[in-house]
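Biologist: I am new to this structure, and I would like to go through the words used for it one by one. Could you show me the model first, and then let me ask what stands behind each term?

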Amino acid sequence: MTETWHDAAASADIAEDDVLGVTLLGLRIALFRLDGEVFALHDQCPHGRALLSKGFVENGCVECPLHQGLVDIRSGAPRGAPIIDPVRAYAARIVDGRVQVAL
Ligand code: FES
């Protein structure tokens, strides 16, 4: 299936080193901003059912609020136990002050 860009949020609504949870096409997505760039991850920890958008951003990773596992925000790769599986990462971009996510 071909991915298309979807409007997700105002760019100004995502602070540097912060996260915003949104729902797009029925999918929960966590939007992050690092060094001025935006990144999008599936908004569910692969270890349990915690929302990564409720986690803490630190050193390019999001720390799960439930058991403190770590996920790389840029790639979705696991970076700290108990998370061992990757999180799906989506392409994201900023166009005219709006964040778009490819789904
Ligand atoms: S639910 Fe996220 S680390 Fe356990």
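Modeller: Leu-70 stands opposite Gly-80 in strand 8, and strand 8 is joined to strand 7, residues 70-72, by 2 bridges in an antiparallel run. This is a predicted model, in which local features need pLDDT of at least 70 and side-chain atom pairs count only at pLDDT 80 or more, while totals for chains, interfaces and linings use all residues. Residues are numbered from 1 along each chain as its sequence is written, and side-chain values use heavy atoms, with hydrogens and water left out.

Biologist: What makes strand 7 and strand 8 a pair?

Modeller: Two strands pair if DSSP finds at least two bridges between them, and strands themselves are DSSP runs (E, at least two residues), numbered from the N terminus. Strand 7 and strand 8 have 2 bridges, so they meet that definition.

Biologist: Why is Asp-72 called buried?

Modeller: Buried means under 20% relative accessible area, exposed means over 50%, and partly exposed lies in between (1.4 Å probe, protein chains only). Asp-72, whose place is in strand 7, has a relative accessible area of 13%, and therefore it is buried. Leaving aside neighbours within four places in sequence, Asp-72 is in contact (heavy atoms within 4.5 Å) with Leu-41, Gly-60, Cys-61, Ala-77 and Arg-79.

Biologist: Why does Arg-28 count as partly exposed, and where is its place?

Modeller: Arg-28 is in strand 3, and its relative accessibility of 44% falls between the two cut-offs, so it counts as partly exposed. Arg-28 and Val-101 are 73 residues apart in sequence, and their C-alpha atoms are 12 Å apart in space.

Biologist: How do you know that strand 3 and strand 4 pair?

Modeller: They are joined over 6 bridges in the antiparallel sense, and Leu-31 stands opposite Ala-40 in strand 4. In their hairpin, which has 2 residues between the strands, Asp-35 takes a positive phi near 50 degrees. Strand 4 is also joined by 2 bridges to strand 9, residues 89-90, in an antiparallel run.

Biologist: What makes a group of residues a nonpolar core, and which residues touch the most other members of the largest one?

Modeller: A nonpolar core is a set of buried Ala, Val, Leu, Ile, Met, Phe, Trp, Tyr and Cys residues joined through side-chain atoms within 4.5 Å. The largest has 16 residues, of which Phe-32 and Ile-73 touch the most other members. Strand 3 (27-34) and strand 4 (37-42) each supply at least two residues of this core, and strand 3 gives the most, with 3 residues. Apart from this core lies another, of 13 residues, including Leu-24 and Leu-103.

Biologist: Why does Leu-24 count as buried?

Modeller: Leu-24, in strand 2 (residues 19-24), has a relative accessibility of 9%, which is why it counts as buried.

How values were computed
Helices (H or I, at least four residues) and strands (E, at least two) are DSSP runs, numbered from the N terminus.
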